[in-house]
Amino acid sequence: MLKADRAARILSHIAEAGSADVHALSGLLGVSNATIRRDLQELHDQGLLQRTRGGAVTGPVNLELPLRHRSEQRQAEKRRIARVAAELVPEGAVVGLTGGTTTTELARVLADRAGITLVTNAVNIAAELIVRPDVRLVVIGGLARSASYELVGPAADRMLTQYHLDVAFIGVDGLTAQEGCTTYDEMEAQTDHAFLRSSRRSVVLADSTKIGRVTFASICALSEVHDVVTDDGIFVDQERAIAECGVRVSRA
């Protein structure tokens, strides 16, 4: 297993469990205790977890995994979600895309569609699309977030008021019927909301691990969302609660 893959697995495991010891991670990943200790120390030095005697913990706040560590997680589900979401995009549409691993997969699907305009604040998505001659690309500027590769803040929000989107797709870190859509960063939440305000149709892309979770900053209530596209891992009661808020749920 590559070092980057190990780091992603370690961060994901500790984010879900809250803590882990060296021996458990060694067994989980099939590498030596010494390798795990080196990995944990490097992740501690990057500020991604808190090293403890014999293991590591997430620390006092929710752990937001950087995009580079999230890109390989649940990739098959995210690709299926992207294919279903692409069916919601009419020919010649102006499409808004926030950052995130699932929206990145959607951007790759839409890159093969001629005649659409893609408006994004994600620099990684923009870097992939700028070489696609059939795609008209608009990049929203702002303050760069290293965790999500997004440009956010008041400048991004003001720029979005100048555009009219046919459909906007946003990624979230949490979604519940009660708390709506949430993410880890307040400025990112405000820019996500600006995408929704500028669009005629609002779609949330969220794999089932995000459903039922609440994170720090509120993006919007579910009443502001038209569709949620997720995978088959969503529980029936979760799907029912979301549908009762007037939101159409599509399973990929």
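Helix H9 has twelve residues and spans 17 Å from its first C-alpha to its last, close to the 16 Å expected at 1.5 Å a residue (1.5 Å times one less than the number of residues). Helices are DSSP runs of H or I with at least four residues, and strands are runs of E with at least two, numbered from the N terminus. This is a predicted model, in which local features need pLDDT of at least 70 and side-chain atom pairs pLDDT 80 or more, while totals for chains, interfaces and linings use all residues. Residues are numbered from 1 along each chain, and side-chain values use heavy atoms, without hydrogens and water.

Beyond four places in sequence, Val172 is in contact (heavy atoms within 4.5 Å) with residues including Cys181 and Ile219.

Asp227, in strand S14, counts as buried because its relative accessibility is 2%.

Two side-chain distances follow; a polar contact is a pair of N or O atoms within 3.5 Å, one able to donate a hydrogen and the other to accept it, and residues adjacent in sequence count only if both atoms are side-chain atoms.

| Pair | Distance |
|---|---|
| Asp185 side-chain oxygen, Met187 backbone nitrogen | within 3.1 Å |
| Asp227 side chain, Arg248 side chain | 2.9 Å |

Note on methods:
Buried means under 20% relative accessible area, exposed over 50%, partly exposed in between (1.4 Å probe, protein chains only).
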